[in-house]
Amino acid sequence: MPAEVFNPNPVVFSPTKGLGRKSELLAQSLWIDEPTSSDGEVDDVELIDQDEVFDLIRSIYDPEHPNTLEELRVVSAPQIKIEQNWVTVEFTPTVPHCGMSTLIGLCIRVRLLRSLPNRFKVDIFVKPGSHQSEHAVNKQLNDKERVAAALENPVLLDTVEQCLRDAGRRGLPII
Amino acid sequence: MENTERLIRTWIATEKDEDIRQISLEISADRTSLVNVVKGLGEYLTADEEDIRRKGVEFLSLVLASLAEDKINKQSTRVLSTFYCGKLEDSGTIIPALSGIQTLVKLPTCSALEVQSILRSMFVHVKPKTLVQSVRFVIFSILDSLVANHRDVLKAMGKEFLDGYVSLADGEKDPRNLIVAFAIARVILIEFDIHERIETLFNVTFCYFPITFRPPPNDPYGITTEDLRDALRGCLNATPYFGPLAIPVFLEKLLAGTRATKRDTLQTIGICLPVYGATLARAEARKLWNSLKLEIFQPTDSVNEEEALRTTQILVKTIYQTNGLSGDDADVQGLAREACEECIGILKEPEKSQAKPAAKILCAFMSTTPSIAKYTISQAVPHLVQLFHNPDEAGNRAPVLAVLSEFITAARDSLSKLSPHPVQAEYGMETEPTAPALTPYKDDVLGVLTVGLKAASSRRPALAGLQGMVATENLLTDEELGFIVHNVNQILEADPGELDDASDAVLDLLSAVAKVNPRPVEVQTLPLLFSSLPDSPPLRNAIPERVKILNALLALETLCVQAQLFETLVIRLTTKLDLICVPNASSLTPSPITEEEVELHAAYAHWVLTTLAKTLRKKVDREDPDVAKYIERLVPRIFNLFIFSALVVAENDGNEEKDRWRQRVSVATDPRLVKKAGEIVTLVVQVLPLTRQENYATLLYGALLEGNLESIAEGHQKIAADRRLLDTASTAQKDLLALFSAAILPLRKEVRPVVSEVNAFLDKVLWWCLTSAVSDFQRDAVFHLLASILNKRVDADRLDTFTNTLLSMFWDKEILDSSVALERRQHAIKAWTWVSKALLIRSHTLALQFTDKLFDAFDDGVIGWDAAKAIGDVVAIDNVLTKKHHAISRLLYAQKFVNHVLSRIIAGAKDSSKHRIQESRCQTASLVALTSLIKSIPKATYQHELPGLIPLLLRGLELPDTNIRSNVIDTFLAAAEGDSPESSLVASHAPTLVTLMLKNSNAAEMPSSKVRIHALKYLEKLPSIVRYDILHPSKPTVIKELAKAVDDPKRTVRKEAVDARTAWFRYHGST
């Protein structure tokens, strides 16, 4: 834990969107409770979309709080854009002087690096106007060399791993 | 005497136990005496060499220990104790002297005088720090015996004993000794007059707090951290004198400690505070609260947070317990008030992260004392209500309600905690039930919550709050329940898209209301839901409409479990079903009926039937007594509808308009509907008592064999003709057999099939399956019927004619005979499987004869695989022959079967004695049988064979059949459960497994997404069950290969791939 706490009492939001896509599921087939002949073996490709990327990063923990990035509204589904092989993730620090911003960005980058296919180029930005050293943070986060160097640092990597420990929850509560 | 001396001499020379035994036998037989022994030892006891002296004393101690108590009289005790005290002075003999004393102090002849002199010389001469652990253990044992047997003597010694004890116990570090020491200390602290030595005793006990001892691996003594901690806590909370000294120690440990220390400290404070007393707690309240607060607001983990809350509760309870009943509730002073105000101050910003712990603290206060609970509510609830109404805070209504609902729940739960023994109502006396603490604020809270319902953002917490209120006993009146239902209904009416998020909570709330009083739900909610079910289904692409209907049905299914509501449901839905399936001929439009229209109607009817079936299943699981009556109200109407439809569609009178109608009525001949209807029939029939089942069976068999269909199918539709279904040619009517099968299979074993000859009947239905049935649906239904009767009646109706014919003719003619068509042979194997299953479950003697035959077909090139798969199907759990359906099943039948076949299968898979083609066929079939078997049985039955099976299973992974592969992976997944890196079953095969699983997880090589998902799940599991040093060479490959899997075309597969890859990224050696 760092000595300085940048935002001791942030606002906590309830989940931004529903967890299951229940009505979608309900509507998928005319028959309920019956195995359909096709049963998922059809060849239609489900492309990686905004929600799927959001699911990957929503349950990353904030380095400063026991809350997830989703609960603090640091990330949200509309702030993610996908164009073919290019993913842009925008995030909003809870306070403009947040010194954790680069760390949050790094966590997002590591998670996506591990979870998205290699064909994707990922750009990570802080929301314009939400951080006092916006430019510096953006530059640092999207510089391959600097990201690689950061991940060589075992202490830093350990902190990142800590933030990512429950990222697999994808918004679901801990069991 | 000479003999004694001789024995002493030999012992000194050899130290053999035998000599000790000899001596003690001699003494027991009065051939010699202790005095003689001492005399005989004389020269040794005074020898110059330390070693000899030691041996001399040791010999005496050993002899003493081996003697019976009554052999040592008072006189000897006296002499011996003086003797040993003398020996304590000699550093060479101190060890054996102590063990002698250990024996002495246990003797009943040991008196106060001896005790005192022993203790005094121990205090003077024994220096524990110079002695090894085992000797120190002896010291503690001596003290333990003395405390147990001579407590008054020790008390009389006063400070002398206390000081002496401290000098002996000070600095002890060995856990084995400490366990005894803590037990002694507890007695001393509780019973002895310690007020002049509090600080000294405090120092020798609190120096151990907190316990940081970790038992070494494979510790032979088995003392755990918990043992020590509990023993120490017994000392810390033994006396209130420790209080003032202890609190600073606790606070210091809490501040500086690690996670485990903090937890221990919090728990210890909780245990000690009630002993230390209210006065001290009050004096230290501020300091304690400040520390505890920190643990709650910045918790190291959730467990510690919980502990801190619990400790806070204890603190508050300790402070206020004494004046809890003073009656002046409104005026709470001191800590509770300050803490309350502090938390409420934080709650002025309920949307902030600190609000959560603050609310938790206030909720915790609710379960302390009634006056505190009342006070907390009186402070917090009005504050929150006011905050909700404050226009500046309009954006924060959701968090306000979230806090409020937590409050309501805490208030509800505290009710039972505060009064664990509710006042029992006396005969003839009305006792006023205790009013819930929330009662004075009920109207305000209810108002706030119903307003909260209106906005989507605050709906969830509002529902949670209402749920809490409804579940609070004696809080709401029936009118208020009605009011809640009214408001909630408005959400149900709203757009389904908006409802999506909160629908579960809405239904939970309504269910909770229905549990208290079903009336408001019945008259307000149900009509609303029924009205959203149209008479005809929406179009295929009208998804929002479809979702609305499905949501309404889901709501009905959730709500109508309660008896009164279920009755309404049955009436309304059966009527709806008739309308969907059999419209008036006049209401049909003149346009031709399309297949699409029929399918849409069929699906709609299927939803309705599913709703009925699911609700009914819930009721059956809850063992509701009202289910049985639906044999008259629901089952006949279902038969009526389906029999009517099946008969009508077969008619043909050339009338075009009538034809169109008939086409439309074919809705209810869809096998999927028949199947669902069958589920409902089964559910009702299975709960009927025996006599009712017997009566019903008579009707059923009459309808099936004689064609008296009307007797079981009363209802709206007129059943046109009598028809013997087993002889019919129409597919729709053949499907009806499924309905009969569904009614027969849950009959009890005492119910006789109402047929003239059961053997002949079974023969007939079996042939019907092979010759008349046209679909798997029909065949399966009738196989179920066959299996059910065979299982329950094989001995009672002497069905051996049937089984013998099967064994002697059927097998050769229908299964082995390669001139028979393949399909027919496969159906015959299916029949064989069901017959075997029926017998196997009841461990019938014939069962194994049936299953053994299956092996004979393994080398058949055409049906070998089918036969092999049947081996597993025979023991697979099915939902036909179950306890609920009154099937006869014996314990451990699966285990017996597995023991019988497993070795044969393994041998078959390895066997290479036969001809080459045969051999490979047999081997493959054995592998298939193995995978099929393992999939079907519980892990415990094959666990012991698993190490030998793994190589075979790996071979199974390379068979082309995707089902087999997924079975094998499932088996690996099941085997991984409870596996650990230390003793992994798969460790030696791990690299092979990695390669095979990677292959199966790649979309390019494995078309089935199910197999890919399972393979990825297993890959995710591997790092947690195999040691890093074994698998680390695979890590780069896995991570590289999984990069392809995370690009899988299927979303569900990608999810597993991401999880698996994450697990491998995290796979590190322990450093």
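**Notes on the chain A–chain B model**

1. Glu679(B) is partly exposed, at a relative accessible area of 24%. Both sit in helix H34 (residues 671–686) of chain B, and because they are three residues apart, about one helical turn separates them. As background, an α-helix has 3.6 residues a turn, so residues three or four places apart point the same way. Keep in mind throughout that this is a predicted model.

2. Two other chain B salt bridges are worth a look. Lys619(B) pairs with Asp624(B) at 3.0 Å, N to O, and both of these residues are buried. Lys884(B) pairs with Asp621(B), the closest N and O atoms being 2.7 Å apart. Over all chains, the structure holds 76 salt bridges.

3. Now the interface. Chain A and chain B bury about 3800 Å² between them, with 48% of that on carbon and sulfur atoms. On the chain A side, Leu30(A), Trp31(A) and Arg114(A) lose the most area to chain B, together 21% of what that side buries. The contact draws on 42 residues from chain A and 47 residues from chain B.

4. What about polar pairing across the interface? There are 16 residue pairs in polar contact, both residues being at pLDDT 80 or more. The side of chain A that touches chain B has 18 nonpolar, nine polar and 15 charged residues. Six salt bridges cross between the chains. One of them joins Arg1051(B) to Glu52(A), with the closest N and O atoms 3.1 Å apart. On the chain A side, helix H1 (22–28), helix H2 (50–57) and helix H3 (101–115) each supply at least two of the residues that touch chain B.

5. H53(B) is mostly covered, with eleven of its 15 residues buried. Among them are Arg1054(B), Asp1059(B) and Trp1064(B). The cover over these buried residues includes H2 and H3 of chain A, along with helices H49 (990–1001), H50 (1009–1025), H51 (1028–1031) and H52 (1035–1045) of chain B.

6. Where is Ile346(B), and what does it touch? Ile346(B) is in helix H18 (residues 335–346) of chain B. Leaving out residues up to four places away in sequence, Ile346(B) touches Phe297(B), Gln354(B), Ala355(B) and Ala358(B). Its relative accessibility is 23%, so Ile346(B) counts as partly exposed. Pro357(B) lies eleven residues from Ile346(B) in sequence and 9.6 Å away in space, C-alpha to C-alpha.

7. Last, chain A as a whole. It has six helices and three strands, running α-α-β-β-α-β-α-α-α from the N terminus. Of its 175 residues, 45% count as buried. Among contacts in chain A with a separation of 6 or more, 70% are between residues 24 or more positions apart.

Conventions. Residues are numbered from 1 along each chain as its sequence is written. Chains are lettered from A and ligands numbered from 1 in the order in which they are written. This is a predicted model: local features need pLDDT of at least 70, side-chain atom pairs count only at pLDDT 80 or more; totals for chains, interfaces and linings use all residues. Side-chain values use heavy atoms; hydrogens and water are left out. Contact means heavy atoms within 4.5 Å. Buried area is the accessible area (1.4 Å probe) that two parts lose on being put together, summed over both. A salt bridge is a side-chain nitrogen of Lys or Arg within 4 Å of a carboxyl oxygen of Asp or Glu. A polar contact is a pair of N or O atoms within 3.5 Å; within protein, one must be able to donate a hydrogen and the other to accept it, and residues adjacent in sequence count only if both atoms are side-chain atoms. Helices (H or I, at least four residues) and strands (E, at least two) are DSSP runs, numbered from the N terminus. Ala, Val, Leu, Ile, Met, Phe, Trp, Tyr, Cys and Pro count as nonpolar, Asp, Glu, Lys and Arg as charged, and the others, Gly among them, as polar. Buried means under 20% relative accessible area, exposed over 50%, partly exposed in between (1.4 Å probe, protein chains only).
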